[in-house]
Amino acid sequence: DGNIEIGDEDSTGITTWDIYSDGSYFYIRSSADDTISLSTEKDSKSGVNIKINTSNTSKNQQWKFIQTDDKYYYIRSSSGNYNIDSANGSKQLGTNIQLWSSNGTKAQKWKLERINDESQALENGTYMIKAYNNPNNVIDLRGANTNSSTNIQVYQSNFTWAQLWNIEYDNGYYKIKTYLDENKVFDISYSSFKNGSNVQLYKTNNSEAQKWIIEKNDDDTYSFSTCDGLWKLDISSGSTNSGANLQIYQTNGTAAQKYIFEKTSMDYLENGYYSINSLLGEDMVVGANNANTANGKNVELTKNNNFRYTKWYIKRIDKDVYTIASAQNRDKVLDVQNGGTADASNIQLYKSNGTAAQKWIIRRNADDTYRIIGTGSSKSLDIKGAGTVEGTNIHIYSNNDSKAQKFNITPVDQ
């Protein structure tokens, strides 16, 4: 039942607090002892004293944080239109802290100063950021539009640059930059820190609306918080649909506030001859077995015997998009049969025709293996059934991060 008053850094009482959320209200607990919380003395009304009391979930310990026009917070009781208030508007040490009817004065405006651990939870780099509630969706810049105020959403993974984000850590906070424009970052619309505020792309300005905390959760996912720690990056309504909006919302512990970071490298392959080595079968590569390069020749898992049908000429044609031609006949390229986009669409050799069925994104994974994604389907080159024996078919399949979709790409002689 200790009293709450204005103190300073030399005060001997509680001066630091942990703020928790149950998804509806906030609770303000002593950072030294979470069994003690900020509490009203009794039912809310002007002049009611603020004290500490044993932590519970009663209305006396439930609070709302309401941002003011000048970017401070009112700390409002859940029981009514009453804010935490410095008695008589005084700033003097020892001034009593009370509840008072909301009046818009400075005596009811409070600034949060973060003092918790500022260690770097995630290394700098380029990432694809997956939604934990549906890992087929990733954080995406709508329409790949780099204009300020463009919306940020979750969208089905298509491996475009609109779904790549550069993460940079500086002095306790992160900037999250689109890979398409290093001067544009994650931003909270109108710097409005409240439930439902939109998250957008905006020109970097070093404001608090562009500073993020990234923390690792116990389940190895990550969460984004605003710079004051009160609000999480959240998928609106917990939607698992492609195109769902991103907003900020107070912490609620749901999957809609958790993300999986997949680091990637944007180093380009030089034009040249390569083998595409499976991680599954010993000394197995992607090949077109025997010297036949006729249209429709099947592509399959092949013993790496250094013959030309086990080698490919990889040529970059745009950004991280490539064609993959047979070393035996560079007019014949890796092709999705009939331009298919469904799972298990077959891979063959076919005369080069410039279609999306013959264009491949090659992206290096964090473990230095490679993923090969069809531009027409946004699906990965895949070894059927994770097979390990010669003759196992190669097709495209929905991305699943398995070894059947990871390859070592190794330079070879012609």
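Modeller: The side chains of Glu 262 and Lys 130 meet in a salt bridge, at 3.0 Å from N to O. Glu 262 lies in strand 20 and Lys 130 in strand 9, so the pair ties together parts that are 132 residues apart in sequence. A salt bridge here is a side-chain nitrogen of Lys or Arg within 4 Å of a carboxyl oxygen of Asp or Glu. Strands are DSSP runs of E, at least two residues long, numbered from the N terminus (helices are runs of H or I, at least four).

This is a predicted model, in which local features need pLDDT of at least 70 and side-chain atom pairs count only at pLDDT 80 or more, while totals for chains, interfaces and linings use all residues. Residues are numbered from 1 along each chain as its sequence is written, and side-chain values use heavy atoms, with hydrogens and water left out.

Now burial. Glu 262 is buried, with a relative accessible area of 18%. Lys 130 is buried too, at 10%. The cut-offs are under 20% for buried, over 50% for exposed and partly exposed in between (1.4 Å probe, protein chains only).

Next, Lys 263. Lys 263 forms a salt bridge with Glu 123, with the closest N and O atoms 2.6 Å apart. Lys 263 lies in strand 20 and Glu 123 in the loop between strand 8 (97–101) and strand 9, so this pair links parts that are 140 residues apart in sequence. At 25% relative accessibility, Lys 263 counts as partly exposed.

Elsewhere, Lys 177 pairs with Glu 168 in a salt bridge, the closest N and O atoms being 3.2 Å apart. Salt bridges that share partners also join Lys 130, Glu 262, Arg 371 and Asp 401 into one network.

A cavity is a set of points on a 1 Å grid over the protein atoms alone where a 1.4 Å probe fits but cannot get out, and its lining residues have an atom within 4 Å of a point. Points are joined across faces, edges and corners, and the volume is the space filled by probe spheres set on them. The largest cavity has a volume of about 50 Å³. Its lining includes Glu 262, Lys 263 and Arg 371. Strand 20 (259–265) and strand 28 (360–365) each supply at least two lining residues. Strand 20 gives the most, with three.

How values were computed
On a 1 Å grid over the protein atoms alone, a cavity is a set of points where a 1.4 Å probe fits but cannot get out, and a pocket is an open set with protein on both sides within 12 Å along at least five of seven lines; lining residues have an atom within 4 Å of a point.
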